[in-house]
Amino acid sequence: DDCTSSSALPTTPTTSHASGVTFPAVPLSLIALMLLVIAVLLWRLLVAVHAGLVMLRAMQAELKAHSSEIQRQIRLHAGVLSSLAASSTAAPLPDTPPPARLLDLPSELLVRALSHCDLADI
């Protein structure tokens, strides 16, 4: 009276492979169920890929629409930065602090500075 027993369901015949491996009998309803599950999973994958492609096309269209504005903004900012760099007169910061005493200066610099001075000023 039990309808779910494997003896009541049609099965595939037991087959043997050339290597001698025997495959057990599988109920045909189980094979049909597995094929249905595979078909549903493939359909869901197809729907997800289609949605991703639609979103990608929308993003490409938006990027194309804004690319000229973005390029204009880049040129504008590049021009501003180059003009700021050209007008900047600030000396770069040295890696070492300036010497605290006159004698800590390099001797070549001291000789050059003193050669431009009048001995009366010294």
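I began with confidence: this is a predicted model, and the protein chain averages a pLDDT of 75, with 67% of the residues scoring at least 70.

In the protein chain the mean is highest in H1, at 84, and lowest in strand E1 (residues 15-16), at 61.

I checked residues 1-6 separately. Their pLDDT stays under 50, and the model gives this stretch three contacts beyond four places in sequence. Where pLDDT is low, the predicted coordinates should not be read in detail.

Next I looked up secondary structure. I find two strands and two helices in the protein chain, and the order along the sequence is β-β-α-α. Helix H1 covers residues 28-87.

How much of the protein chain counts as buried? I get 2% of its 122 residues, where buried means under 20% relative accessible area. The protein chain exposes about 11,100 Å², and I note that carbon and sulfur atoms supply 69% of that area.

Which residues make the nonpolar surface patch of about 790 Å²? I list Leu-28, Ile-31, Leu-35, Ile-38, Leu-42, Leu-45, Val-49, Leu-53 and Leu-56. I placed one of them, Leu-45, in the secondary structure: Leu-45 lies in helix H1, the element with the highest mean confidence in the protein chain.

Terms used: Residues numbered from 1 in each chain as written. Predicted model: local features only at pLDDT ≥ 70, side-chain atom pairs only at ≥ 80, totals over all residues. Heavy atoms only, no water. Patch = residues over 30% accessible without salt bridge, like charges linked within 9 Å, V, L, I, M, F, W, Y side chains within 5 Å. Areas by Shrake-Rupley, 256 points an atom, 1.4 Å probe, with all protein chains shown as cover. Salt bridge = Lys/Arg side-chain N within 4 Å of Asp/Glu carboxyl O. Helix = DSSP H or I, 4+ residues; strand = E, 2+ residues; numbered from the N terminus. pLDDT = per-residue confidence, 0-100. Contact = heavy atoms within 4.5 Å. Buried < 20%, exposed > 50% of the residue type's maximum accessible area, 1.4 Å probe, protein only.
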